[in-house]
Amino acid sequence: MKDGELDSIDKHILYYLQQDARATSSTDIAEKLDLSSSTVRTRLNKLEESGIIRGYHIDIDYDLAGYPLYTKIICTAPVPKRDTLAESAREIPGVTAVREIMTGERNIYVNAIGRDHDELNRISKELDELGLSIVDEQLIRDEYVCPYHGFLDDEELPDDEGM
């Protein structure tokens with residue numbers, strides 16, 4: 001990686017990690033790219049240190065885990081306080097994700113889970129107390145996370161899409 005530019009090897013590493021990071025070792029990736037495991041580990045470390053890889057996250061079915069209510073709370077924050085308020089919202093119990101939006105009045109999206117409506121109401125109240133103005137709330141049935149295939153050109157996509 002040079003000046004934040006991903007080369008073909010870095011892109012391939014990210015592609016394979018997105019497929020299933022938990023079950024994908026540096027050895028697995030090395031075999032697919034015809035590289036040594038140590039080369040892949042070194043590349044992974046650089047991607048992590050640079051902040052390109054921010055973490056490895058679990059995909060939880062909250063309903064099965066006992067949190068049947070999953071909501072997106074759309075808020076407005078004063079632009080000068082947007083980042084601070086977004087950071088504070090992450091600390092509220094039940095909040096699972098926060099997105100800062102760069103344009104428009106609806107500039108903070110908060111994902112939250114709860115066992116019942118009282119928990120969701122508590123979360124909304126705490127967001128309000130922080131100084132976020134709630135514009136809308138959407139009860140989500142389900143959300144699916146999928147890998148970004150754009151790291152590789154069509155001709156670079158492996159024949160064995162899954163690992």
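What covers the buried residues of α2?

Analyst: Happy to walk through it. This is a predicted model, in which local features need a pLDDT of at least 70 and side-chain atom pairs count only at 80 or more, while totals for chains, interfaces and linings use all residues. Residues are numbered from 1 along each chain as its sequence is written, and side-chain values use heavy atoms, without hydrogens or water.

The cover over the buried residues of α2 includes α1 (8-20) and α3 (37-49), with contact meaning heavy atoms within 4.5 Å. Helices (H or I, at least four residues) and strands (E, at least two) are DSSP runs numbered from the N terminus. Helix α2 itself spans residues 26-33, and its buried residues are S26, I29 and A30; buried means under 20% relative accessible area, exposed over 50%, and partly exposed in between (1.4 Å probe, protein chains only). These three cover an arc of only 100° around the axis, which places them on the same side of α2; the arc is taken from the directions from the helix axis to the C-beta atoms. Just after α2, D34 adopts a positive phi of about 55°.

The two covering helices are themselves linked. R43 sits in helix α3, and its side chain meets that of D10 in a salt bridge (3.0 Å, N to O); the rule asks for a side-chain nitrogen of Lys or Arg within 4 Å of a carboxyl oxygen of Asp or Glu. This pair links distant parts of the chain, since R43 belongs to α3 and D10 to helix α1, 33 residues apart. Both R43 and D10 are buried, and for R43 the relative accessible area is 18%.

By that rule there are six salt bridges. Another of them brings together the side chains of E100 and R82 (3.7 Å, N to O). E100 lies in strand β2 and R82 in helix α4, so the pair ties together parts 18 residues apart in sequence. E100 counts as partly exposed at 40% relative accessibility, whereas R82 counts as buried at 11%. In helix α5, E126 and R122 are four residues apart, about one turn of the helix, and their side chains meet in a salt bridge (3.0 Å, N to O). E126 is partly exposed at 26% relative accessibility, and R122 is partly exposed at 29%. Returning to D10 and R43, salt bridges that share partners join these two and D7 into one network.

Finally, the sheet. Four strands form an open sheet in the order β2-β3-β1-β4 with antiparallel pairing; strands pair if DSSP finds at least two bridges between them. β2 (95-100) and β4 stand at the edges with a single partner strand each, so one side of each is left without a neighbour in the sheet. In β1 (residues 69-76), eight of the eight residues are buried, so this strand is largely enclosed by the rest of the structure. L69, T71, I73 and C75 point one way from β1, while Y70, K72, I74 and T76 point the other way. β1 pairs with β3 (residues 108-114) in the antiparallel sense over seven bridges, and six bridges join β1 to β4 (residues 133-139), also running antiparallel. L69 stands opposite G114 in β3. I73 faces V110 in β3, and its bridge partner in β4 is E137.
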